[in-house]
Amino acid sequence: MSVELVAYAAFFLTMALTYAIMCLGLNVQWGQTGLFNVGVAGFVAIGAYVSALLTTPDAADRFGGFEMPIAVGWLGGALAAGFVSFLIGALTIRLRADYLAIATFGVAVTVQLAALNLQSITGGPFGIGFIPRPFSGWAGDPLLFSLANFGLLVLVVAALYLALERLLRSPWGRVLRAIREDEQAARALGKNATKFRLQAFAIGGGIMGLAGAAQAHFIGFIAPENYLPMLTFQVWAMLIVGGSGNNRGAILGAVLVWGIWAASAGAISALFPPTEQARAAALQIVMIGVALCAILLLRPRGILGEERVVSRHLGGLSAAKPQAKREISEETSGARNA
Amino acid sequence: MNPQIVMDGLFTGSMIGLGAIGVTLTYSILRFANFAHGEFISWGAYFALAMAGALGALSGALLTPIGPFSFGWALPLGAVAATALTGGLALLVDWLLFGRLRVNRSTVIIMVMASFGAALTLRSLLEFIFTSKPVYYTKALQIALPLGGGIRATPDQLLSLGVAAVLVVAVHLLLTRTAIGRSMRAVSENPALAGVVGIEVRKVIRTVWLLGAGLAAIAGISAGLIVQIRPQMGLDLLLPLFAAAILGGIGSVPGAMLAGLIVGLAEALAVQTIGAEWRAAAAFAILVLVLLFRPQGLFGRAE
């Protein structure tokens with residue numbers, strides 16, 4: 001295999017993994033808790049911009065550039081996005097379910113507006129460049145550089161996956177699903193549904209912020225048009241295709257949908273003359289939109305579907321007693337549809 | 001403060017109000033927040049463009065401006081056709097997507113997500129057919145007439161304001177004085193019970209789509225006439241629509257119209273005081289304030 005091919009594969013997968021992080025964040029909100037976030041792009045943008053501000057070198061024409069280490073930027077991005085999620089959640093989670101959706105949509109619109117217009121902080125339409133890239137010392141060797149970046153993202157996704165799986169099987173994760181399936185029953189057991197939902201929403205938002213920061217540092221440049229509603233839509237498509245409620249499904253869906261997306265974009269630029277490319281790109285979105293609606297209609301559980309999750313101790317029991325291993329996903333989908 | 005703000009706010013507000021009526025009806029009767037509603041606005045505007053263009057090609061006489069207005073008979077005739085076509089589009093989307101999801105007994109949130117997918121599909125389809133370049137119904141320039149008190153408005157603007165006022169009254173009367181209006185309110189109160197007492201729920205659902213999409217089409221045509229026609233116009237109006245529907249109180253038609261005017265005035269005020277680029281933030285600020293202080297809206301009932 002040629003070096004370019006490996007380098008490209010590493011680049012492609014690194015990009016896909018940044019989307020996988022967004023999907024994992026959305027999975028905490030939607031898959032585990034049933035909170036609908038239509039403003040994914042906004043939270044990703046907050047993470048990206050905060051991290052970029054913290055880590056870029058001092059710039060004369062705008063606020064900041066604090067030249068902090070990349071890790072500080074990522075942490076800052078995640079915390080900022082988590083904090084905004086907390087505020088929006090505190091405002092709407094106690095209300096009707098789709099008020100949260102409307103409010104998050106508002107966040108995405110407003111963040112986009114702020115990124116475009118607060119020129120002295122965000123660089124306005126030109127965005128922020130020169131965002132330090134991890135392993136930039138190795139940039140002379142494209143293969144080593146892309147593999148190192150890929151390795152870093154693999155580590156981040158793996159760590160996040162293990163942490164989320166652990167959280168999912170913890171009492172905290174069980175309460176979340178209990179609330180999602182039957183809020184009244186959970187409340188009758190003394191669980192504060194609003195508090196748990198709010199925690200899950202803030203954690204999910206923080207993970208999206210981390211994804212935005214990681215992506216910004218991987219590409220090295222951010223601009224407001226990276227965070228259009230299209231991004232929200234892509235992340236949703238990834239989670240739905242992979243199977244919401246399933247962390248492995250979230251990662252699989254991200255790689256798969258990003259692959260389809262990149263391949264169809266490549267096909268468009270190869271097949272259509274430059275004058276027709278904007279049109280063809282619109283058609284690409286139409287097809288993805290139709291596909292998402294079709295999946296919602298035909299296979300709402302996605303490829304992997306929701307995993308049955310029980311406590312570690314119960315898991316041992318059910319392995320010993322096969323009859324206890326009922327197909328929970330059927331039951332769950334029935335309960336969710338009720 | 002410039003009194004012109006009031007006039008500008010009323011124009012935008014009347015369009016937001018017309019759209020918000022549809023949002024509030026789908027929300028209270030079909031019980032989900034329809035993110036595709038903005039697309040009916042854009043599709044209505046483009047349908048009217050295509051229809052008026054076709055009529056104008058048939059007979060050039062239809063293009064000569066009527067009285068003080070900037071357009072000929074082709075546009076009002078095209079607008080009537082566009083309203084019907086947009087209603088048909090809504091029924092088609094319901095038949096293809098939402099109706100099937102209702103049969104599957106999908107959760108509210110699945111419906112919301114499906115509407116999100118439908119919105120992107122419809123918008124990109126417009127971009128595919130018409131490209132994203134802005135277009136106009138007429139190239140004619142209109143002189144704004146002084147109305148006294150330092151306020152100016154073009155005949156087109158006054159007409160669209162008048163049409164909006166007539167429509168709101170008509171919809172209000174339809175809901176409060178007719179049999180189908182009573183059925184709609186019954187389904188909004190309790191769909192199962194309404195079905196039990198012999199109300200044809202499917203007919204009510206069809207009426208909701210036709211009414212909501214038709215009003216959205218009129219809003220889109222007004223917006224296209226006064227500003228411009230773009231595939232993004234519905235998306236840009238979506239947040240104001242939701243803000244108005246929630247501020248007015250879900251299910252309340254007069255509330256949606258009044259709240260639409262309030263959101264429009266707030267936008268005009270933001271444009272004057274902060275700058276045109278922050279226009280969209282006004283709707284978000286109103287949304288946050290309503291959710292904080294009066295989540296049931298002006299005319300809504302607390303849950």
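Let's start with Leu298(B) and the residues around it. Leaving out anything within four places in sequence, Leu298(B) is in contact with Leu247(B), Gly248(B), Gly249(B), Gly255(B), Leu258(B) and Ala259(B). Keep in mind, please, that this is a predicted model. Where does Leu298(B) sit in the chain? You'll find Leu298(B) in the segment after α11 of chain B, the helix that covers 279-293. Another residue to look at here is Ala245(B): 53 residues separate Leu298(B) from Ala245(B) in sequence, while their C-alpha atoms are 9.9 Å apart in space. Is Leu298(B) buried or partly exposed? Leu298(B) counts as partly exposed, because it has 17 C-beta neighbours inside 10 Å, and a buried residue would need 20 or more.

Now let's stay in chain B and turn to a pair of helices. Two packed helices are described by the angle between their axes and the distance between the axes. For helix α2 of chain B, residues 37-58, and helix α4 of chain B, residues 108-130, the angle is about 25 degrees and the axes are 9 Å apart. That makes the two helices, α2(B) and α4(B), roughly parallel, since the cut-off for that label is an angle under 35 degrees. As for handedness, α2(B) and α4(B) cross in the left-handed sense.

Which residues make this contact? From α2(B) we have Gly38(B), Glu39(B), Ser42(B), Trp43(B) and Tyr46(B), and from α4(B) come Ala119(B), Leu122(B), Arg123(B), Leu126(B) and Phe130(B). Sorted by class, the contact between α2(B) and α4(B) has six nonpolar, two polar and two charged residues.

Helix α4(B) comes back when we look at how the chains meet. Here, 37 residues of chain B are in contact with 35 residues of chain A. On the chain B side, the elements giving two or more residues are α3 (74-103), α4, α9 (233-248) and α11. Which of them gives the largest share? That would be α4(B), with 15 residues. The chain B side as a whole divides into 26 nonpolar, seven polar and four charged residues.

Let me finish over in chain A, with helix α10, residues 229-242. This helix has 14 residues and reaches 20 Å from its first C-alpha to its last, close to the 20 Å expected at 1.5 Å a residue. Of those 14 residues of α10(A), 13 are buried, so the helix is largely enclosed by the rest of the structure. And what follows α10(A)? The next residue is Gly243(A), with a positive phi near 120 degrees.

Technical notes
Residues are numbered from 1 along each chain as its sequence is written. Chains are lettered from A and ligands numbered from 1 in the order in which they are written. This is a predicted model: local features need pLDDT of at least 70, side-chain atom pairs count only at pLDDT 80 or more; totals for chains, interfaces and linings use all residues. Axes are lines fitted to C-alpha atoms, for helices over the stretch in contact, and angles run from 0 to 180 degrees between N-to-C directions. Helices (H or I, at least four residues) and strands (E, at least two) are DSSP runs, numbered from the N terminus. Angles under 35 degrees count as roughly parallel, over 145 as roughly antiparallel, 65 to 115 as roughly perpendicular and the rest as oblique. A crossing is left-handed if the near helix is turned anticlockwise from the far one by less than a right angle, and right-handed if clockwise. Two residues are in contact if their C-beta atoms, placed from the backbone, lie within 7 Å. Ala, Val, Leu, Ile, Met, Phe, Trp, Tyr, Cys and Pro count as nonpolar, Asp, Glu, Lys and Arg as charged, and the others, Gly among them, as polar. A residue is buried if 20 or more other C-beta atoms lie within 10 Å of its own, exposed if 12 or fewer, and partly exposed in between; C-beta atoms are placed from the backbone. The expected span of a helix is 1.5 Å times one less than its number of residues.
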